[in-house]
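Visitor: I'm new to this one and would like to learn how to read it. Could you walk me through it, a feature at a time?

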Amino acid sequence: MAEWWNKTEARDWLARLECFSLDELSSEAEAKTLATHGTLVTYSRKVFIPLTKLCRDVCHYCTFAHRPSQLTAPFLEPEEVLEIARAGEKRGCREALFTLGDQPEARYSAARQWLEERGFASTLDYLAHVSALVLEETSLLPHLNPGIMQPSDYERLRPVSASMGLMLESTSDRLCAKGMPHYGSPDKDPEVRLRAIRDAGEAKVPFTTGLLIGIGEIRLERVEALLAIRDLHARYGHIQEVIIQNFRAKADTLMANAPDLGLDEHLWTITAARLILPAEMVVQAPPNLQPGELGKLIRAGVNDWGGVSPVTQDHVNPEAPWPHLEQLETQTASAGRLLRQRLAIGPLFARDPAVWVDNALQPCIRQATDARGLPRESDWHPGTGEAIPEAPLLLSTASDMEIRIALGRVEHGEELNSRQIARMFTAEGRDFQRICRFADELRSDRVGDAITHVINRNINYTNICLYRCGFCAFSKGSTKSERGPAYNIDHAEIARRTIEAHERGASEVCLQGGIHPSYDGNTYRGIVQAVKDAVPDMHVHAFSPLEVHHGATTLGLGYEEYLASLKEFGLATLPGTAAEILSDDVRALICPDKVSTQQWLSIMRAAHTVGLKTTATIMFGHVEDYSHWATHLQRLRALQLETGGFTEFVPLPFVHMEAPNWRRGQTRSGPTWRETVLMHAIARIALDGAIPNIQVSWVKLGPDGASRILQAGANDLGGTLMDESITRAAGGVNGQEFDVPQMRALAQGIGRRLCERTTSYTMRADRVLATF
């Protein structure tokens with residue numbers, strides 16, 4: 001067993017732990033928990049499906065296992081399973097927890113006969129069948145606790161489950177001796193259980209395990225078990241949570257008269273788990289087994305309550321009812337934490353489903369979660385026209401010290417690092433409010449109370465494109481595309497639309513399009529010339545860095561030389577699109593043939609060098625995480641401090657409905673509302689002193705969404721557009737135009753004034769529209 005833990009290390013750990021009081025250990029454990037996990041405490045809203053209560057083991061403390069004569073049937077029928085699952089679905093459950101005894105057919109003929117009559121070779125064969133039914137018939141994700149399995153069993157069950165679990169309980173061989181609680185239970189052999197957990201790791205199964213304490217083990221043995229779990233996770237990275245479950249004596253068992261584990265001993269073991277295990281590890285304790293003491297469990301290092309059901313009882317501990325979910329939230333809040341629901345698969349694993357989840361389950365997990373891997377908090381999605389979610393009632397005073405420190409640094413003029421920026425994106429509750437309020441105060445201090453806009457028109461001159469960006473529903477591969485009509489408008493039509501825009505008061509035309517196979521660098525010069533010939537005074541805001549790259553390379557020119565020539569033709573500024581996420585690992589997934597991060601930055605640098613101002617964007621809410629958002633903001637800030645060429649930052653929430661990669665199940669369903677607000681607010685904070693203007697996209701968010709975000713750090717509404725087609729192609733419903741009277745009404749609704757600007761943010765004094 002030396003491959004799993006070192007007994008000398010266990011003794012050293014125990015000696016260190018026993019040097020400190022429980023209060024000192026709890027303080028250290030709490031600090032470690034908060035530093036890594038923040039103020040969230042998670043739980044899974046589930047139904048408990050006891051597929052069979054037959055088991056070949058005879059654990060001396062167990063009331064779950066029954067004899068056939070005590071049951072009406074050896075197994076639940078498929079209809080009974082679905083009835084439980086559907087009842088849970090109606091109550092907001094997301095997990096179907098299948099619990100069952102170990103290989104009952106090996107002990108009971110009744111189990112073998114029941115399975116054979118229905119065409120199943122084993123209990124695990126039947127489990128695979130009903131798990132698939134739950135996936136097909138409900139929105140619940142199965143989590144399976146089937147006991148000891150072989151590698152082939154993991155392979156068979158992985159496609160029908162989001163996660164699995166097996167309690168290690170203990171690594172003590174003593175507990176299997178005669179007179180001890182695991183005597184007569186072959187599946188409780190520590191080596192057998194460790195091997196099963198190892199096999200789960202090799203199968204890339206997100207796995208739950210843990211200790212059952214108070215059944216006769218000593219502290220040293222608990223430490224040894226924790227080290228074994230730590231070492232298995234270090235090898236395979238698959239342990240999603242570790243449960244520290246306290247023994248409670250139950251009537252009608254061989255240990256009915258054994259004393260319950262004391263609270264202090266439970267707390268000591270939780271602190272040991274938190275301090276021994278890696279920082280990212282989730283430590284769980286069942287909330288129904290220490291009623292009234294949840295705050296102490298949290299302080300000791302707990303950051304997850306496991307599965308809690310509003311529908312079914314705890315079949316393993318039937319004497320201990322689940323706390324009502326409202327009570328659980330209140331008690332968690334009283335401990336200074338925020339309660340949040342998770343899926344059956346832990347958030348760390350839900351963030352990387354390509355590694356941890358079977359292909360068949362990846363789409364539903366991606367589309368149900370945010371960038372943290374937690375369930376979306378509402379049905380709101382960018383571009384859909386759905387109502388903005390109401391602000392939740394705040395029961396907790398929880399506050400993340402690291403977020404407060406980060407805001408304090410900005411207040412004193414310091415620059416944030418990537419970790420601090422990413423941490424702010426986790427904000428909820430009062431921290432969320434604090435960030436929004438701080439961002440809006442910065443906005444007021446830096447740019448005042450005016451809400452700015454530009455009167456412009458979009459001219460998307462072609463939707464035919466050589467590139468295959470997975471998120472783009474606008475581009476077409478050819479004029480015979482099956483994804484809708486393709487077009488390529490000529491210079492005369494560009495001129496006509498420019499004149500029409502001028503007649504309607506536009507000061508800018510924004511021109512972008514696909515990379516047409518017949519285009520070269522001269523094409524873009526011709527487009528600029530067509531606009532300037534039609535309306536010499538029109539501001540030409542045109543060409544993404546991808547188009548600049550294409551134009552320059554087709555003519556064999558460097559970026560600076562080519563941009564200088566475009567400027568001579570009349571190009572005035574560049575849109576900072578095609579940025580998506582400025583991290584090449586993300587770009588490899590969503591736009592592998594597009595310009596790289598460094599190419600995008602180089603083109604922006606070249607534009608600024610030749611005197612062309614640009615905007616900057618981010619397209620977020622698809623496959624990336626908060627660390628990518630932080631890196632993106634830092635890279636923009638660094639370039640801006642070097643060149644000063646960015647006029648504004650424009651967050652663009654991913655609109656998913658018609659995006660090809662979403663329809664293939666490869667992305668999330670856009671950012672959540674919380675994430676969308678935070679992107680604008682944190683951009684204001686992280687870019688303070690660099691990029692002064694934060695724009696909100698009414699196209700993506702609608703007037704109500706834009707109004708809310710203009711009170712969280714944004715100061716600009718962008719353009720009236722007149723012809724918006726890219727978001728509409730992705731399924732957006734917020735319209736093609738947002739005219740000045742509508743903008744005026746929006747500004748008036750939040751007590752601000754509307755001011756027309758030029759593309760370069762020179763205010764047009766004659767166009768300031770007071771709202772008072």
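This is a predicted model: local features need pLDDT of at least 70, side-chain atom pairs count only at pLDDT 80 or more; totals for chains, interfaces and linings use all residues.

Visitor: How many residues of strand S10 are buried?

Guide: 5 of the 5 residues in S10 (residues 450-454) are buried, so the strand is largely enclosed by the rest of the structure.

Visitor: And what holds strands together in a sheet?

Guide: The general idea is that they pair through backbone hydrogen bonds, and the pairing is either parallel or antiparallel. Here, S10 pairs with S18 in the parallel sense over 4 bridges, and with strand S17 (residues 716-719), also in the parallel sense, over 2 bridges. Look at Thr452: it stands opposite Cys755 in S18 and opposite Asp716 in S17.

Visitor: In what order do the strands of the open sheet run?

Guide: Its 6 strands follow the order S11-S12-S13-S14-S15-S16, with parallel pairing. Strand S11 (456-459) and strand S16 (646-653) are at the edges with a single partner strand each, so one side of each has no neighbour in the sheet. On average, neighbouring strands of this sheet are turned by 25° against each other, direction ignored.

Visitor: Over how many bridges do S15 and S16 pair?

Guide: Strand S15 (residues 613-620) pairs with S16 over 7 bridges, in the parallel sense.

Visitor: Now a loop, please. Is Gly576 buried or exposed?

Guide: Gly576 is buried, because its relative accessible area is 0% and the cut-off for buried is under 20%. You'll find this glycine in the loop between strand S14 (571-574) and helix H22 (584-590). Leaving aside residues up to four places away in sequence, Gly576 touches Trp600, Met604, Thr615, Ala616 and Thr617. Gly576 and Thr617 are 41 residues apart in sequence, yet their C-alpha atoms are 5.6 Å apart in space.

Visitor: What about backbone angles: what is the phi of Ala578?

Guide: Phi of Ala578 is near 70°, a positive value in a residue other than glycine. Ala578 is in the loop between S14 and H22 and is buried, at 7% relative accessible area. Tyr761 also has a positive phi, near 70°. Tyr761 lies in the loop between strand S18 (753-757) and strand S19 (763-769), and counts as buried at 13% relative accessibility.

Key
Residues are numbered from 1 along each chain as its sequence is written. Side-chain values use heavy atoms; hydrogens and water are left out. Buried means under 20% relative accessible area, exposed over 50%, partly exposed in between (1.4 Å probe, protein chains only). Contact means heavy atoms within 4.5 Å. Two strands pair if DSSP finds at least two bridges between them. Axes are lines fitted to C-alpha atoms, for helices over the stretch in contact, and angles run from 0 to 180 degrees between N-to-C directions.
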